[in-house]
Each structure stands twice: as C-alpha cells, then as structure tokens.
Amino acid sequence: SDMRFLKGRVGLELTWYDKRSTDLIYSIGLPQTTGYSSYFTNLGEIRNTGWEAALDLKPVIIKNFHWDVRAIFTRNINTVERLIPGLTRDIIGGFNYIEAGFPYGYLRGSFSARTDDGQLLINPSSGMPFLDPNPGMVGNPNADYKL
C-alpha cells in the first residue's frame with residue numbers, strides 16, 4: 001500500500017510478500033566412484049517471506065530547490081522448504097549449506113559438548129572442551145533486516 005500526507009511531503013509504502021521459488025538449477029556433488037564430479041538438477045523449493053517499508057520525506061521545498069529523503073526497511077526470511085528426493089543436505093560453498101527447514105546458505109560447524117544444564121564438558125588431560133559429535137547450524141549469513 002502507498003500513502004501520502006501533507007501535500008506529498010510525507011509518504012509511506014508498505015509491502016508484504018510470500019514467494020516460493022522452484023526449478024532452481026543446482027550442481028549436486030557425486031561420489032568419485034561414479035566417474036563424475038557433479039550433475040545439474042532442480043534443487044527443490046525455497047520460500048522468501050518478508051516486509052518492506054519505505055518512508056519518503058520532503059523536509060525542504062523552496063522555489064528552485066527541494067530535498068527528498070527516502071529510508072527503506074526490509075526484513076526477509078528465507079527457508080529451504082524441500083530438496084529433491086535423496087538429498088538431505090549439501091554444501092554450497094565454503095561452510096555454507098542447504099538443508100530443508102533451514103535458511104539458505106546457513107553455516108554449519110561443531111559445538112563444544114555440554115551437560116544437560118549447559119556446563120562445558122572438559123577433557124581432563126588437555127583442559128580443552130570435548131567436541132559434541134553432532135555438528136549443526138552455527139550461524140545464519142542472512143541479515144535480520146536491512147535499513
């Protein structure tokens with residue numbers, strides 16, 4: 001929606017979106033025993049939902065000059081909805097992964113092992129924390145919002 005006030009000196013635009021992208025062509029890695037390194041296929045489905053709000057201001061309007069100011073706030077949440085059958089997770093570069101139920105390009109890594117109440121489990125011989133044997137999402141490279 002688009003709203004204007006005070007003879008056009010103040011404006012506000014609001015947009016909400018929910019977009020699903022399919023037919024995303026992607027290179028899937030293959031075991032070397034197949035004789036190929038990868039093949040291209042339809043990846044699955046990614047969903048982007050979010051808000052965008054824009055504020056327009058004209059704080060100065062004189063005879064030969066006017067000053068326009070525009071601020072835009074965007075909040076986008078992307079989620080991998082599903083992957084092709086047989087693919088549960090794949091690396092898309094660096095430490096970035098794609099997996100159903102997670103943000104596109106999430107960062108995957110190791111955690112320090114902890115007790116049920118959150119205390120670190122320390123190796124008595126080295127003094128270093130034990131690693132949790134279950135790696136998982138350690139970060140989301142997608143911004144919470146943009147301004």
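Trainee: Is arginine 108 buried or exposed, and what is its relative accessible area?
Mentor: This is a predicted model, in which local features need pLDDT of at least 70 and side-chain atom pairs count only at pLDDT 80 or more, while totals for chains, interfaces and linings use all residues. Residues are numbered from 1 along each chain as its sequence is written, and side-chain values use heavy atoms, with hydrogens and water left out. Arginine 108 counts as buried (under 20% relative accessible area, with exposed over 50% and partly exposed in between; 1.4 Å probe, protein chains only), because its relative accessible area is 16%.

Trainee: Which residue forms a salt bridge with arginine 108?
Mentor: A salt bridge requires a side-chain nitrogen of Lys or Arg within 4 Å of a carboxyl oxygen of Asp or Glu. Here the closest N and O atoms are 3.9 Å apart. The partner is buried as well, with a relative accessible area of 14%, and it is glutamate 99.

Trainee: How many residues apart in sequence are the parts that glutamate 45 and arginine 82 tie together?
Mentor: These two side chains form a salt bridge, with 3.4 Å between the closest N and O atoms. Glutamate 45 lies in strand E5 and arginine 82 in strand E6, strands being DSSP runs (E, at least two residues) numbered from the N terminus, as are helices (H or I, at least four). Glutamate 45 is buried at 13% relative accessibility, whereas arginine 82 is partly exposed at 43%.

Trainee: What is the distance between the closest N and O atoms of arginine 4 and glutamate 13?
Mentor: Both residues belong to a network of salt bridges that also links Asp2, Asp56 and Arg70. Arginine 4 is partly exposed at 41% relative accessibility, and glutamate 13 is partly exposed at 24%. Their closest N and O atoms are separated by 3.3 Å.
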